[in-house]
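The entries follow the order in which I looked things up.

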Amino acid sequence: AQAIWVKIWLFEMALATAVTARGGPVFLAFDIYGTLVNPFGLQQKLAELLRAVPDQAVASDAAISQVNAVWRQQQLALTWRRNSMRRYAPFPTCTAQALDTALASQRVSLPPESKAALLELYTKLPAYEDTKKALAELAALPHVHLAAFSNGTRADVEALLKHAELAEYIEAVVSCDDVQVFKPCPEVYLHARETLLKLTRTGDADGVHKGEEGTDEGAPDVWLVSSNNWDCTGALSSGHLKAAWVQRDPANMPPDGGFGVEPTVVLNNLEELRAALGL
């Protein structure tokens with residue numbers, strides 16, 4: 001089984017190299033939370049705020065870690081429920097509601113001003129160690145264009161990129177808020193592809209224009225780059241994007257979940273992306 005997987009991986013690597021070698025522009029639509037920035041990066045501030053509440057017993061670092069973990073789990077769960085019920089609310093609303101659920105799960109609380117401070121810091125999450133170097137290297141390639149593609153609102157994504165000193169590498173922000181539905185609905189991946197290809201055809205945003213579909217320069221090649229396995233499954237199932245899965249945690253399950261799809265390429269970190277795609 002391992003030998004078969006290695007052969008498949010080598011074939012996909014060769015395919016990616018062949019595709020990108022045609023000379024057309026390559027768009028890399030990077031997920032933000034969990035891929036470029038760490039959504040668990042507020043652990044220390046969360047602990048500080050919880051332990052500042054009078055007469056509140058916070059048993060251990062493990063309990064605080066659990067609050068942090070449930071916060072992220074419930075944030076995503078709320079987006080999926082809202083998709084199912086067609087009751088959209090912006091991502092910051094889901095984040096705030098998830099924080100309340102996470103606190104309640106451990107029978108702790110925060111005063112309104114502390115919750116507001118924590119939510120404000122959600123636009124200042126730290127980048128992963130490999131993020132800036134990888135983006136800088138990719139952005140230097142003339143035929144490669146980097147976009148941010150997120151559940152987050154445009155304002156929040158732009159704030160995150162600015163705080164993490166990544167904004168200079170990103171040519172476009174594609175927010176699910178534009179279409180009022182979250183990943184992994186097929187509409188958002190179509191929206192991402194159409195937005196990026198429109199930029200390729202018109203060249204009317206931030207100078208993005210390196211080739212057009214049907215020209216000698218080659219057709220654009222559009223990828224999702226995400227550490228979220230369900231995000232990759234959504235992109236592949238939609239049929240609109242290829243998917244590079246960044247398996248930051250070896251314990252994460254592959255992007256399949258019974259849907260019969262596998263990532264186009266698998267990475268351990270962002271620094272492997274250029275070689276994996278043959279750029």
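At what angle do the axes of helix α2 and helix α3 cross? I found that the axes of α2 (residues 43-51) and α3 (residues 61-85) come within 10 Å and cross at roughly 115 degrees. This makes α2 roughly perpendicular to α3 (65 to 115 degrees counts as such). Axes here are lines fitted to C-alpha atoms over the stretch in contact, with angles from 0 to 180 degrees between N-to-C directions; helices are DSSP runs (H or I) of at least four residues, numbered from the N terminus.

I noted that the model is predicted, with local features needing pLDDT of at least 70 and side-chain atom pairs pLDDT 80 or more, while totals for linings use all residues. Residues are numbered from 1 along each chain, and side-chain values use heavy atoms, without hydrogens or water.

I then listed the contact (heavy atoms within 4.5 Å): Q43, L46, A47, L50 and R51 in α2 meet D61, I64, S65, V67 and N68 in α3. These residues divide into 5 nonpolar, 3 polar and 2 charged.

Next I turned to α2 and helix α5 (residues 112-121), whose axes come within 11 Å and cross at roughly 175 degrees. That makes α2 roughly antiparallel to α5 (over 145 degrees). K45, L46 and L49 of α2 contact S114, L118 and L121 of α5.

Last, I searched for cavities (sets of points on a 1 Å grid where a 1.4 Å probe fits but cannot get out). I found 1 cavity of 30 Å³ or more. The largest cavity holds about 60 Å³ of space, a volume being the space filled by probe spheres set on the points.

Note on methods. Helices (H or I, at least four residues) and strands (E, at least two) are DSSP runs, numbered from the N terminus. Angles under 35 degrees count as roughly parallel, over 145 as roughly antiparallel, 65 to 115 as roughly perpendicular and the rest as oblique. Ala, Val, Leu, Ile, Met, Phe, Trp, Tyr, Cys and Pro count as nonpolar, Asp, Glu, Lys and Arg as charged, and the others, Gly among them, as polar. On a 1 Å grid over the protein atoms alone, a cavity is a set of points where a 1.4 Å probe fits but cannot get out, and a pocket is an open set with protein on both sides within 12 Å along at least five of seven lines; lining residues have an atom within 4 Å of a point.
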